[in-house]
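Here is a short report on a single structure. Please look at the chain first, then read on.

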Amino acid sequence: GDSLASSLALEQILHKLGKEPTMYCSVSVQSYLKYLDGWDRVTTIIPKNIDASIIVDTSTISLLEKLQNSGSTGWISSKPCIVLDHHAETKSDIPFATVEITDPSVSSTGELIYRLAKELDWPIDEVSGINIMSAILSDTQGLTNDLARSDTYRLLADLVDLGVNRPTLEDKRRNMSKMEPVIFKYKSKLIDRTELLLDNQLAYVVVPNNEIMEFSPLYNPAPLIQADMLQTNGVGI
């Protein structure tokens, strides 16, 4: 959610600055994220005539394996590459990065983009504001974890003043997150297969590849079950 919404926010900001941005991801956008307007502009092909690239929400090369396998890193590394991330626990190791901006004090890459925009006087309108709020709500799990700090709440208030309607955004997310009956029944199977170990501190379930292939187009199996695991008393991982 943070990755896609941050990209959409940057797309709007750069467009307002007179640029022609292209959003790239090596995998198809998951169905549960398609409440974000503009997801269908994400391509799996990197254009060759780029002037620069911006990598959002990761600063580790291991998460760019498919990019490397596609043979497109040559185009990326020959031009300036900016990395925007907020993960404090991950050491940046992207060899072709020209500039790396990693700020663990912010809740999300979306919040980092907002603060950069304010500092650099980039235009933020309702469209980019919607996506920045979406990014923040995604990584803070709807402002329920400790990634959301006081500055995060003040930022969200600014976005509301800008015209971003959080209830409308939340309704769109909830409607897109609704599951088909076959997914509802599949979820019960995942729950039934879940093992609790180490005095119920560790919960795990195996999702074989054939199930990933079958059900992912309808609903990603991991988000389908993880929240319920963590809602079980004693479970820490």
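## A buried tyrosine

Tyrosine 219 has a relative accessible area of 12%, so it is buried. The model is a predicted one. Tyrosine 219 sits in the loop between α9 and α10 (221-230).

How far is tyrosine 219 from isoleucine 61? Along the chain, tyrosine 219 and isoleucine 61 are 158 residues apart.

## The parallel strands

Strand β4 covers residues 81-85. Of its 5 residues, 4 are buried, so strand β4 is largely enclosed by the rest of the structure.

Strand β4 pairs with strand β3 (residues 53-56) in the parallel sense, over 4 bridges. Strand β4 also pairs with strand β5 (residues 99-102), in the parallel sense and over 4 bridges. Leucine 84 can be followed through both pairings. Leucine 84 of β4 is the bridge partner of valine 56. In β5, the bridge partner of leucine 84 is isoleucine 101. In a regular strand, side chains alternate between the two faces of the sheet.

## Loops around the strands

Aspartate 57 lies in the loop between β3 and α2 (65-69). Its relative accessibility is 13%, so aspartate 57 counts as buried. Aspartate 57 is not a glycine, yet has a positive phi of about 70°.

Valine 106 lies in the loop between β5 and α4. Is valine 106 buried or exposed? Valine 106 is buried, at a relative accessible area of 2%. Valine 106 and aspartate 85 are 21 residues apart along the chain, and their C-alpha atoms are separated by 9.4 Å.

Most residues other than glycine have a negative phi. Leucine 143 has a positive phi of about 65° although it is not a glycine. Leucine 143 is found in the loop between α5 and α6. The relative accessible area of leucine 143 is 16%, so leucine 143 is buried.

## The nonpolar core

In soluble globular proteins, nonpolar side chains tend to be buried together. Here the largest nonpolar core has 33 residues. Which of them have the most contacts inside this core? They are Leu4, Ile132, Met133 and Leu159.

Four helices, α1, α4 (109-120), α5 and α6 (150-162), each supply at least two residues of this core. Helix α1 gives the most to the core, with 6 residues.

## The aromatic pair

A pair of aromatic rings is described by the distance of the centres and the angle of the planes. The count here comes to 1 aromatic pair. The rings of tyrosine 186 and phenylalanine 215 have their centres 3.9 Å apart and their planes at 15°, so the pair is stacked.

The pair links distant parts of the chain. Tyrosine 186 belongs to helix α8 (residues 181-193), and phenylalanine 215 belongs to helix α9 (residues 209-215). The two residues are 29 residues apart. Both tyrosine 186 and phenylalanine 215 are buried.

## The second largest pocket

Rolling a probe the size of a water molecule over the atoms shows where empty space is left. The second largest pocket has a volume of about 300 Å³. It is lined by 18 residues. Closest to the centre of the pocket are Asp37, Val127, Ile130, Asn131 and Lys172.

Which elements give two or more residues to the lining of the second largest pocket? They are α1 (2-16), α5 (126-139) and α7 (166-177). Helix α5 gives the most to this lining, with 4 residues. By class, the lining of the second largest pocket has 7 nonpolar, 6 polar and 5 charged residues.

Lysine 16 belongs to helix α1. Its relative accessibility is 49%, so lysine 16 counts as partly exposed.

Lysine 16 and aspartate 37 are 21 residues apart in sequence. From C-alpha to C-alpha, lysine 16 and aspartate 37 are 17 Å apart in space. Asp37 is also one of the residues closest to the centre of the second largest pocket.

How values were computed. Residues are numbered from 1 along each chain as its sequence is written. This is a predicted model: local features need pLDDT of at least 70, side-chain atom pairs count only at pLDDT 80 or more; totals for chains, interfaces and linings use all residues. Side-chain values use heavy atoms; hydrogens and water are left out. Buried means under 20% relative accessible area, exposed over 50%, partly exposed in between (1.4 Å probe, protein chains only). Two strands pair if DSSP finds at least two bridges between them. Rings of Phe, Tyr and Trp (its six-membered ring) pair if their centres lie within 6.5 Å; planes under 30 degrees apart count as stacked, over 60 as edge-to-face and the rest as tilted. On a 1 Å grid over the protein atoms alone, a cavity is a set of points where a 1.4 Å probe fits but cannot get out, and a pocket is an open set with protein on both sides within 12 Å along at least five of seven lines; lining residues have an atom within 4 Å of a point. Grid points are joined across faces, edges and corners, and a volume is the space filled by probe spheres set on the points. Ala, Val, Leu, Ile, Met, Phe, Trp, Tyr, Cys and Pro count as nonpolar, Asp, Glu, Lys and Arg as charged, and the others, Gly among them, as polar. A nonpolar core is a set of buried Ala, Val, Leu, Ile, Met, Phe, Trp, Tyr and Cys residues joined through side-chain atoms within 4.5 Å.
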